There are 2 protein chains.
Amino acid sequence: MTPADPGALAPARARELFRGGLRTPTAGWCRGWTQANLLAVPRSLAYDLLLFGQRNPAACPVLDVGDPGAFRTEIFGGDLRTDLPGYRVYENGEPVADAAEVTGLWRDDLVAFLIGCSFTFEDALVQAGVPVRHLEAGTNVPMYLTSVKCRPAGALAGPLVVSMRPVPAPLVAEAVRITARYPAVHGAPVHVGDPAEIGVADLARPDFGDPVEVRPGEIPLFWACGVTPQAAVMASGVPFAIGHLPGHMAVTDVRDHRFLVP
Amino acid sequence: MTPADPGALAPARARELFRGGLRTPTAGWCRGWTQANLLAVPRSLAYDLLLFGQRNPAACPVLDVGDPGAFRTEIFGGDLRTDLPGYRVYENGEPVADAAEVTGLWRDDLVAFLIGCSFTFEDALVQAGVPVRHLEAGTNVPMYLTSVKCRPAGALAGPLVVSMRPVPAPLVAEAVRITARYPAVHGAPVHVGDPAEIGVADLARPDFGDPVEVRPGEIPLFWACGVTPQAAVMASGVPFAIGHLPGHMAVTDVRDHRFLVP
């Protein structure tokens, strides 16, 4: 079911597989094409979410916003209700279902936000010789709730969520330098080193995704993660929202290069 | 009334002078401190304006958003109703008054947007040896309505507004390189060369600000301008809004350096 080289697929072909029922994390898929977090909220909450993004640009860099009820946006040529490899549905801040598609739940007042994803800069890391452990392992990236609070916006408040990649100490500066050039997909790490300093108790037990090995001589690097607004949905008791399943991203029709700064 | 060296002033001192009634363009004021465009709109229009910024990031980079009715924001320690050196008031899309302060007009539902301003990168240009003509002349920067359409957002649509600086041909690349590093304050030029290509008929007759001399061997460079959302207010017949008087900016309490990318 999973293709031999998912990195070589075009976005439309990957979305076709997901629409057909393939459920998989998308790290390493469609090399060179931007992946995005999805969060769709009722129009009444859309201003707060857009403002949450403005106030927390590292965690919630808004790449595109749909019109109310629309299931396409400018950068996503597929159908947002079916073309992701996994969805998570929230009611009153609780995750009530993980689903393969959400056609029946897509209300006329839903506004879809596509939010930058750090998978976008992983190809640049690999090209520069920085190993990416979860790509090597073929697993989902580990993600953690932290003790760092986001800046609230209206009805939305919550903790920063981070993704973690262990990097050999001699390559840490290079990993920072490379990812800093992609501010629209989370940019430079928000934390380097001791997980306890940001309230992460145990790297082996991520809140989302899969654990990865941290080898001797490696330093854990933490990047702000686009699951953060889903954590705000939970912390704030938002009545209704639809997100992607963490790590199971929307594969867009724009190139990573668009989000590279000089 | 104008201080001998306005570039050396601290933001709070400049705002005090403006509060006291000094009306002046702020190019060159408070070197190293970020200046911002102001646009305050009713809460009912705030989502459209925030989305307009998301969809037109070169012209409308949103630096900060106030709470409804608030006249301070995180990056602006003064009083937004009195501490700018000039205001423009709009009703039904028409500029109905230019004012020295707007205390009596600041409604409880007004949401203040502070939007990046290209004055922020002018100090970096000067430091690099790129002359900035309106600074040399002590005048306001020239600004032009163009034939380029912004991407609409809800009730807001309108033309791109640009600021223009003539640059000697051998320094054009340097001017592009430097300003590209400040995407949050309009970034690289949106156009280099022939004004007619973006619908500007006569450089000597700017729509806002003052004309400047373009000398032989100089090329006009055009940057997206934060007056663009005021042009959208006019083009869209927005019922009520308060902006700054073009070139008469909000001097904030954050350093230019904050908006420099790697």
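Let me begin where the two chains come together: helix α2 of chain A passes helix α2 of chain B in a left-handed crossing. Please keep in mind throughout that what we are looking at is a predicted model.

Each of these two helices covers residues 43-55 of its chain, and they pack at an angle of about 50°, with their axes 10 Å apart. Angles under 35 degrees would count as roughly parallel and 65 to 115 as roughly perpendicular, and α2(A) and α2(B) are therefore described as oblique to each other.

Which residues of α2(A) and α2(B) meet? On the side of chain A they are Arg43(A), Ala46(A), Tyr47(A), Leu50(A), Leu51(A) and Gln54(A), and they meet Arg43(B), Ala46(B), Tyr47(B), Leu50(B), Leu51(B) and Gln54(B) in α2(B). Sorted by class, this contact is made up of eight nonpolar, two polar and two charged residues.

Now let us turn to the relation between the chains. A rotation of 180°, with 0.0 Å of shift along its axis, superposes chain A on chain B, and the RMSD is 0.0 Å. The two copies are thus related as by a two-fold rotation axis.

Next, a word on aromatic side chains, of which the structure holds six pairs over all chains. One of them is formed by Phe18(A) and Trp29(A), and this pair is tilted, with 5.0 Å centre to centre and 45° between the planes. Phe18(A) lies in helix α1 and Trp29(A) in the loop between α1 and β1 of chain A, so the pair ties together parts that are eleven residues apart in sequence.

Finally, there is a helix pair within chain B, where α3 (residues 119-127) and α5 (residues 172-180) pack at an angle of about 135°, with their axes 10 Å apart. That angle makes α3(B) oblique to α5(B). Is the crossing of α3(B) and α5(B) left-handed or right-handed? The crossing of these two helices is right-handed. Here Phe121(B), Ala124(B) and Leu125(B) in α3(B) meet Ala175(B), Ile178(B) and Thr179(B) in α5(B), and by class the contact has five nonpolar residues, one polar residue and no charged ones.

Note on methods: Residues numbered from 1 in each chain as written. Chains lettered and ligands numbered in written order. Predicted model: local features only at pLDDT ≥ 70, side-chain atom pairs only at ≥ 80, totals over all residues. Heavy atoms only, no water. Least-squares fit on C-alpha atoms with pLDDT ≥ 70 in both. Axes fitted to C-alpha atoms, helices over the stretch in contact; angles between N-to-C directions. Helix = DSSP H or I, 4+ residues; strand = E, 2+ residues; numbered from the N terminus. Parallel < 35°, antiparallel > 145°, perpendicular 65-115°, else oblique. Left-handed = near helix turned anticlockwise from the far one by under 90°. Contact = heavy atoms within 4.5 Å. Nonpolar A, V, L, I, M, F, W, Y, C, P; charged D, E, K, R; others polar. Phe/Tyr/Trp six-rings, centres within 6.5 Å; stacked < 30°, edge-to-face > 60°.
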